[in-house]
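Colleague: I would like to learn how to read a model of this kind, feature by feature. Could you take me through it?

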Amino acid sequence: QVQLQESGPGLLKPSQTLSLLCTVSSGSIISNYYYWIWIRHPPGKGLEWMGAINYRGSTAYSPSLKSRTSISRDTSKNQFTLQLTSVSPEDTAVYYCARVLEGTGLDHWGQGTQVTVSS
């Protein structure tokens with residue numbers, strides 16, 4: 001079955017850029033009907049959808065994060081990435097990549113990776 005694995009730095013300083021990678025196994029990111037998303041869980045807060053990329057490479061972003069967020073992909077490696085610029089302590093969270101199937105919803109998550117922003 002499909003598996004997702006996040007990777008990237010665990011600690012950042014304010015103003016730096018967060019770069020995370022999601023590697024997808026046993027499933028293709030160019031398969032039709034699927035969307036690939038980034039979602040985060042700040043401590044003491046609810047889950048926040050950040051953005052998505054579909055099988056064609058089209059992207060969509062949360063309005064509150066659009067100015068700082070970029071999602072891209074490498075189809076040859078079956079990977080997609082998250083770039084979040086100008087981070088602050090408010091960006092401290094567990095970051096997840098996940099798959100969404102239209103008509104079903106979110107069906108697979110990565111294990112998540114803790115990102116802490118502190119000076």
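Modeller: What follows goes from the sheet to the aromatic rings and then to a loop.

Modeller: This is a predicted model, in which local features need pLDDT of at least 70 and side-chain atom pairs count only at pLDDT 80 or more, while totals for chains, interfaces and linings use all residues. Residues are numbered from 1 along each chain as its sequence is written, and side-chain values use heavy atoms, with hydrogens and water left out.

Colleague: In what order do the strands of the open sheet lie?

Modeller: Strands (E, at least two residues) are DSSP runs numbered from the N terminus, and two of them pair if DSSP finds at least two bridges between them. Here four strands form an open sheet in the order β1-β3-β8-β7, with antiparallel pairing. Because β1 (3-7) and β7 (69-74) each have a single partner strand, they stand at the edges, and one side of each is left without a neighbour in the sheet. On average, neighbouring strands of this sheet are turned by 20° against each other, direction ignored, the axes being lines fitted to C-alpha atoms.

Colleague: Over how many bridges do β1 and β3 pair?

Modeller: There are five bridges between β1 and β3 (residues 18-25), in the antiparallel sense; Q3, for instance, has S25 in β3 as its bridge partner.

Colleague: How many aromatic pairs does a search of the whole structure find?

Modeller: Rings of Phe, Tyr and Trp (its six-membered ring) pair if their centres lie within 6.5 Å, and planes under 30 degrees apart count as stacked, over 60 as edge-to-face and the rest as tilted. The search finds four such pairs. One of them, Y34 with W36, is tilted, at 6.4 Å centre to centre and 40° between the planes. The rings of Y96 and W109 have centres 5.2 Å apart and planes at 90°, so this pair is edge-to-face. Since Y96 lies in β9 (residues 93-101) and W109 in β10 (residues 105-109), the pair ties together parts that are 13 residues apart in sequence. Ring pairs also link Y34, W36, W38 and F80 into a cluster.

Colleague: Is W36 buried or exposed?

Modeller: Buried means under 20% relative accessible area, exposed over 50%, and partly exposed in between (1.4 Å probe, protein chains only). W36 is buried, at 1%; Y96 is buried, at 18%, whereas W109 is partly exposed, at 37%.

Colleague: Where is K45 found?

Modeller: K45 is in the loop between β4 (34-41) and β5 (48-54), and with a relative accessible area of 51% this residue is exposed. The C-alpha atoms of K45 and A93 are separated by 9.3 Å, the two residues being 48 apart along the chain.

Notes. Axes are lines fitted to C-alpha atoms, for helices over the stretch in contact, and angles run from 0 to 180 degrees between N-to-C directions.
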